Each structure stands twice: as C-alpha cells, then as structure tokens.
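Subject: A structure for you to look at

Hello,

Here is the structure I promised to send you.

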Amino acid sequence: MTALDMFRMGKDTLEIAAAMGRPEAEIEQLIHLERSAQINTFKRMRQAGK
C-alpha cells in the first residue's frame, strides 16, 4: 500500500510516517509525487484518446 493510498483512507501524514518508519516530510513529498504522477498519466491517456 502506498503512502497516497493510506492518505486517501484518511490517515494523517504523521500516522503514515510512523507506520512506514520514515520522516513526515518524506511522506508528504511521496504523496505529492504520487499524485502528480497519477495526474500526468491521466492527462497522457486523455490526450491519446483524442
């Protein structure tokens, strides 16, 4: 399960950090990067469908 999945399930970034054994700042960065990657993938798929 990714940090983004846990965040979407309502977990706080501090809880995720504790569960994954990583600093909270790193978790926040991971969530941001995962969201950005999903958005970019969606945009590429949408562009390919045109």
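Let me begin with contacts across the chain. Among the contacts in the chain with a separation of 6 or more, 34% are between residues 24 or more positions apart. Please keep in mind that this is a predicted model.

Now for the overall layout. The chain has 3 helices and 0 strands, and from the N terminus on its elements run α-α-α. The radius of gyration of the chain is 13 Å, well over the 10 Å that the globule rule gives for 50 residues, so the chain is more spread out than a compact globule. If you draw a box along the principal axes, the C-alpha atoms fill roughly 45 × 20 × 15 Å.

What about the surface? The chain exposes about 4,000 Å², and carbon and sulfur atoms supply 56% of that area. Buried residues make up 16% of the 50 residues. As for charge, there are 8 positive and 7 negative side chains, and the centres of these two sets lie 15 Å apart.

Next, please find helix H2, which covers residues 13-20. Which of its residues are buried? They are Thr-13, Ile-16 and Ala-17. Seen down the axis of H2, these buried residues fall within an arc of 100 degrees, so they line one face of the helix. What covers the buried residues of H2? The cover includes helix H1 (3-8) and helix H3 (24-48).

Start with Met-6, which is found in helix H1. Is Met-6 buried or exposed? Its relative accessible area is 13%, and since buried means under 20%, Met-6 counts as buried. Leaving aside its neighbours within four places in sequence, Met-6 is in contact with Met-1, Lys-11, Ile-16 and Ala-19.

Then try Ala-18, in helix H2. Ala-18 has 61% relative accessibility, and because exposed means over 50%, Ala-18 counts as exposed. Ala-18 and Ala-37 are 19 residues apart along the chain, with 24 Å between their C-alpha atoms.

Finally, go to Glu-26 in helix H3. The relative accessible area of Glu-26 is 31%, which makes this residue partly exposed. Between Glu-26 and Thr-13 there are 13 residues of separation in sequence, and the C-alpha to C-alpha distance is 9.6 Å.

Enjoy exploring, and send me any questions that come up.

Best wishes

Methods
Residues are numbered from 1 along each chain as its sequence is written. This is a predicted model: local features need pLDDT of at least 70, side-chain atom pairs count only at pLDDT 80 or more; totals for chains, interfaces and linings use all residues. Side-chain values use heavy atoms; hydrogens and water are left out. Helices (H or I, at least four residues) and strands (E, at least two) are DSSP runs, numbered from the N terminus. The radius of gyration is taken over C-alpha atoms; the globule rule is 2.2 Å times the number of residues to the power 0.38. Buried means under 20% relative accessible area, exposed over 50%, partly exposed in between (1.4 Å probe, protein chains only). Contact means heavy atoms within 4.5 Å. Accessible areas come from the Shrake-Rupley method with a 1.4 Å probe; for residues, only the protein chains shown count as cover. Lys and Arg count as positive and Asp and Glu as negative; His and the chain ends are not counted. The place of a charge is taken as NZ of Lys, CZ of Arg, CG of Asp or CD of Glu. The arc is that of the directions from the helix axis to the C-beta atoms.
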